[in-house]
Amino acid sequence: MAAQNPSFLHAALAVAARHHSNNCNFPETHALVYKGRAYRYLYSALQTQTTKGVTEPVLAAMLLFLFFEALDSGKDTWKIHLRAARRLIQVSGGMRGVRGGMSSMLIDIIGRSLAFSGPESDYQPWGSSLSDVFHSLKEAEDYSFLGCPAELLKIILCITLINNQSKAPQQECNNTTAGAVMTDISDRNFIPSAETLLSSIHAFSPEDWLQTRLPRMRLEDQRSYARIDPMELFHHVSAYKCAVHIFAVQVLSPPLPAHTAAAQAALTNELILHLSCLSTGSVLYKGAVWTVFIAGTGATTEFQRDFVRCALKNIWSVLPQFNIKNAGTLLEEMWRDADREGVGMGGGDWKARLAKGGIDWLFI
């Protein structure tokens, strides 16, 4: 495919060169040259796009730019590529079975959970209903098992909507049963209650999820021929559940009732326990960046903080992206400020700190 599509070819070369630079302290000049060429070819390719459907190599090039930004720093510019990919899918008539869009949606949801500065943090549909979006994500779990389960992605999105669209009309969810968080209506006209979200988090069962998904999953890592341990996968999913719970407690305003500092500390310890069950160097660490960062926002003791430091180093060993190092730097600053100010939880109001910094990080 790359041989016939120079934009995709040079985007892939740019990512490979940046990855090599991170691994070997090699000058990043080559990566920037390839990136510049990819931009020029992509510009030309976009001039020929029609509404007949998404050209997969063009979309793939845009997604590779997302990973380039993560390798480079994880700072603001990832949103530009995400917006472009979303727009391309919209004008081309929707997803139409393009798997690349699944990655875009996952990055869209988890990435924007830490994007608090301005309208760019708003969630925008992908040209199809939200129910279709999450149906596609659930189907993708059969071959994309390193990320967050679709049910929890749905909750992360709702929490983000509450935080980022607090001035938008809010209404109670008509269907408050566990798991029925989103319905097929506009996201701007619908935000569920905090109580509904919390009940959905409690109702999510990693055991049931694994029992349903495991028979259909492809657990072979084709690169290393290593098989994913189902028990490690259980702890990986359980870690996401804990992280989403912590995220809800910290972000939802007004605060959820009966969530004391002690209760939040217990959640952080539970999250750390699940993360500690992932073997060092496990491929599952590639999907644990967000959960480890959330653990860091709740870390108050030196034991918790040392665990987060060690986990980030382990992730770097299998995924040398500078957004991981930047995650550690940002957490250290938050911990230092919290200790100086005598704040109980990790970095105080860390979401306000992120917004004040003016950088929407991509910790994924």
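**Helices α3 and α4**

In this predicted model, α3 passes α4 in a left-handed crossing. Helix α3 spans residues 56-72 and helix α4 residues 78-91; their axes come within 8 Å and cross at roughly 160°. Since angles over 145 degrees count as roughly antiparallel, α3 and α4 are therefore roughly antiparallel to each other.

On the α3 side, Val58, Leu59, Met62, Phe65, Leu66 and Glu69 take part in the contact, and they meet Trp78, His81, Leu82, Ala84, Ala85, Leu88 and Ile89 of α4. By class, the residues of the contact of α3 with α4 comprise 11 nonpolar, one polar and one charged.

**Helices α10 and α12**

Helix α10 (residues 230-251) packs with helix α12 (residues 289-297) at an angle of about 45°, the axes being 9 Å apart. That angle makes α10 oblique to α12. The crossing in which α10 passes α12 is left-handed.

From α10, the contact draws on Ala239, Tyr240, Ala243, Val244, Ile246, Phe247 and Gln250, while α12 supplies Trp290, Thr291, Ile294 and Thr297. The contact of α10 with α12 contains eight nonpolar and three polar residues, with no charged residues.

**Burial of α12**

Is α12 buried or exposed? Nine of the nine residues of α12 are buried, so α12 is largely enclosed by the rest of the structure. The buried residues of α12 are Val289, Trp290, Thr291, Val292, Phe293, Ile294, Ala295, Gly296 and Thr297.

**Helices α13 and α14**

The axes of helix α13 (residues 302-318) and helix α14 (residues 322-341) cross at roughly 170° and come within 9 Å. Helices α13 and α14 are therefore roughly antiparallel to each other.

Helix α13 contributes Arg305, Val308, Arg309, Leu312, Ile315 and Trp316 to the contact; the α14 residues are Phe322, Ile324, Lys325, Ala327, Gly328, Leu331, Glu332, Trp335 and Asp339. Nine nonpolar, one polar and five charged residues make up the contact of α13 with α14.

**Arg112 in the loop between α5 and α6**

Arg112 lies in the loop between α5 (100-111) and α6 (130-140). With a relative accessibility of 3%, Arg112 counts as buried, because the cut-off for that class is under 20% relative accessible area.

Which residue has a side chain joined to that of Arg112 by a polar contact? The partner is Asp108, and the polar contact between the two side chains is 2.3 Å.

How values were computed
Residues numbered from 1 in each chain as written. Predicted model: local features only at pLDDT ≥ 70, side-chain atom pairs only at ≥ 80, totals over all residues. Heavy atoms only, no water. Axes fitted to C-alpha atoms, helices over the stretch in contact; angles between N-to-C directions. Helix = DSSP H or I, 4+ residues; strand = E, 2+ residues; numbered from the N terminus. Parallel < 35°, antiparallel > 145°, perpendicular 65-115°, else oblique. Left-handed = near helix turned anticlockwise from the far one by under 90°. Contact = heavy atoms within 4.5 Å. Nonpolar A, V, L, I, M, F, W, Y, C, P; charged D, E, K, R; others polar. Buried < 20%, exposed > 50% of the residue type's maximum accessible area, 1.4 Å probe, protein only. Polar contact = N/O pair within 3.5 Å; in protein donor to acceptor, adjacent residues only side chain to side chain.
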